[in-house]
Every structure is written in C-alpha cells, then in structure tokens.
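The sequence and the structure are shown first, and the discussion follows.

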Amino acid sequence: LGETEAAALSRRQEAPNVVNVLAGDVIRALPNANAAEAAGRLPGVSTERDEGEGKFVQIRGTEPRLTDVTIDGAHVPGTEKGNRIPKLDDVPSDILSAIEVSKTLTADMDADAIGGSVNLVTKTPTGAPTGYVSGQYGQITLLNRDQYQGGFAYGGRFGTDRKLGLLLGGSADR
C-alpha cells in the first residue's frame with residue numbers, strides 16, 4: 001500500500017532533475033498530522049505554520065505562492081479566496097504513498113513553479129489484499145489535554161483477473 005524507501009531512492013537517482021522523494025513507509029513511521037508536516041521532513045523544504053500545524057510548503061526559502069502543488073500530477077488550485085496557495089493541512093498523511101519534491105524544473109513541467117514543485121502521490125491498490133492499522137497517543141501537560149492520531153488502510157486487487165481494485169482508508173486526529 002505504500003512506496004518503500006528503496007523505490008524512493010531509485011526514483012531520485014533516475015530523475016533528470018533534483019528530486020527528493022519521501023516514501024510512504026517513512027511518512028507513516030513518523031508522527032505527521034498532514035501532508036505539509038510530512039513534506040517538511042525533506043531537505044530544503046519547510047512549512048509555514050498556522051495554529052501550530054504545518055499549512056503551506058516552502059521550497060528553498062521561497063514564498064509558498066511560488067511552489068506548485070499537484071496530486072498525482074494534477075494541478076491543485078489555491079484553496080483560499082484571492083490566493084493561489086493550496087493549503088496542505090487538509091490532506092491527511094495516511095492517504096499518501098509518497099511525496100515527490102522537484103527543486104528544479106524540466107521542460108515538461110508547468111512554469112508556475114518558480115520555487116519548485118510538490119507532487120502528492122496517493123495510494124493505489126496493487127497485488128493481493130493487504131492492510132495496516134496505525135495509532136499514536138500523547139499528552140500535553142501544559143494544557144492537560146490528550147492528543148491522538150490514528151489511521152487504517154486496506155486494499156488490493158480482487159477477482160479472477162485481478163481487474164477490480166479496492167482501497168479503503170480513514171484517519172482521525174485531535
């Protein structure tokens with residue numbers, strides 16, 4: 001259900017430009033509340049925070065509006081009125097198979113990514129049905145509150161010819 005570190009390193013080595021790839025296994029191994037938090041773990045990528053949580057992605061110190069965001073290669077428009085910056089705090093990290101950050105552009109990429117491009121690769125059902133359940137729990141003593149994050153995913157290919165793909169997932173956090 002997720003891209004391995006070996007596949008991420010292979011993608012990085014074969015790329016014609018400067019690309020960093022964060023594998024799905026690494027995304028799920030660390031406490032990432034959303035896609036912005038996960039992308040911020042890559043070198044040269046930082047997050048702009050709002051209310052303590054990563055919201056926008058910055059590449060090499062450029063403004064978030066200079067970063068192009070795509071999901072599986074499809075351009076994501078701005079999510080706030082009068083602003084072309086897509087918020088990534090609404091995208092749960094549990095649905096991601098990988099995060100690809102292109103720090104330099106190639107001729108086939110959109111020219112609106114002056115700072116770079118972030119591609120969120122979603123999970124795809126492949127092979128025999130499999131799944132996972134994850135959970136994290138913590139306590140903030142300063143506020144005397146509990147916090148948690150959890151998720152699950154189950155999917156694969158079904159049928160005699162394995163033509164039917166199914167992927168179920170969910171996540172919750174506080």
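## Surroundings of Lys 103

Apart from neighbours within four places in sequence, Lys 103 makes contact with Val 18, Asn 20, Pro 43, Gly 44, Ile 59, Arg 60 and Gly 115. The model is a predicted one. Lys 103 belongs to the loop that links β6 (96-102) and β7 (116-122). Is this lysine buried or exposed, given its relative accessible area? Lys 103 is buried, because its relative accessible area of 12% falls under the 20% limit for burial. The C-alpha atoms of Lys 103 and Asn 17 lie 7.7 Å apart, although 86 residues separate the two in sequence.

One of the contacts of Lys 103 is Arg 60, which is placed in the loop between β3 and β4. Arg 60 has a phi near 55 degrees, a positive value in a residue other than glycine.

## The chain as a whole

The protein chain contains 3 helices and 10 strands. Read from the N terminus, its elements follow the order α-β-α-α-β-β-β-β-β-β-β-β-β. The radius of gyration is 17 Å, close to the 16 Å given by the globule rule for 174 residues, so the chain is as compact as a globular protein of that length. Taken along the principal axes, the C-alpha atoms fill a box of roughly 50 × 45 × 30 Å.

Of the 174 residues in the chain, 38% are buried. Among contacts with a separation of 6 or more, 53% are between residues 24 or more positions apart. The accessible surface comes to about 9700 Å², and carbon and sulfur atoms account for 51% of that surface. The charged side chains comprise 18 positive and 23 negative ones, and the centres of the two sets are 1 Å apart.

## Strand pairing

An open sheet is built from 5 strands in the order β1-β6-β7-β4-β5, and its pairing is mixed. Its edges are formed by β1 (19-23) and β5 (74-75), each of which pairs on one side only. Within this sheet, strand β4 (residues 67-71) runs parallel to β7, and 5 bridges join the two. Asp 68 stands opposite Ser 117 in β7.

Strands β2 and β3 form a hairpin with 2 residues between the strands. β2 (residues 45-50) and β3 (residues 53-59) are antiparallel and are joined by 6 bridges. Asp 50 faces Glu 53 in β3, and Glu 51 in the hairpin takes a positive phi near 60 degrees. Why can β3 be described as largely enclosed by the rest of the structure? The reason is that 6 of the 7 residues of β3 are buried, so the rest of the structure largely encloses this strand.

## Two further residues

Ile 27 is part of helix α2 (residues 24-29). Its relative accessible area is 1%, and Ile 27 is therefore buried. Leaving out neighbours within four places in sequence, its contacts are Leu 22, Asn 32, Ala 38, Ser 93, Leu 96, Ala 98 and Ile 99. Ile 27 and Glu 80 are 53 residues apart along the chain, and their C-alpha atoms are separated by 26 Å.

Asp 72 is located in the loop between β4 and β5. Although Asp 72 is not a glycine, its phi is positive, at about 55 degrees.

| Residue | Relative accessible area | Class |
|---|---|---|
| Lys 103 | 12% | buried |
| Ile 27 | 1% | buried |

How values were computed: Residues are numbered from 1 along each chain as its sequence is written. This is a predicted model: local features need pLDDT of at least 70, side-chain atom pairs count only at pLDDT 80 or more; totals for chains, interfaces and linings use all residues. Side-chain values use heavy atoms; hydrogens and water are left out. Helices (H or I, at least four residues) and strands (E, at least two) are DSSP runs, numbered from the N terminus. The radius of gyration is taken over C-alpha atoms; the globule rule is 2.2 Å times the number of residues to the power 0.38. Buried means under 20% relative accessible area, exposed over 50%, partly exposed in between (1.4 Å probe, protein chains only). Contact means heavy atoms within 4.5 Å. Accessible areas come from the Shrake-Rupley method with a 1.4 Å probe; for residues, only the protein chains shown count as cover. Lys and Arg count as positive and Asp and Glu as negative; His and the chain ends are not counted. The place of a charge is taken as NZ of Lys, CZ of Arg, CG of Asp or CD of Glu. Two strands pair if DSSP finds at least two bridges between them.
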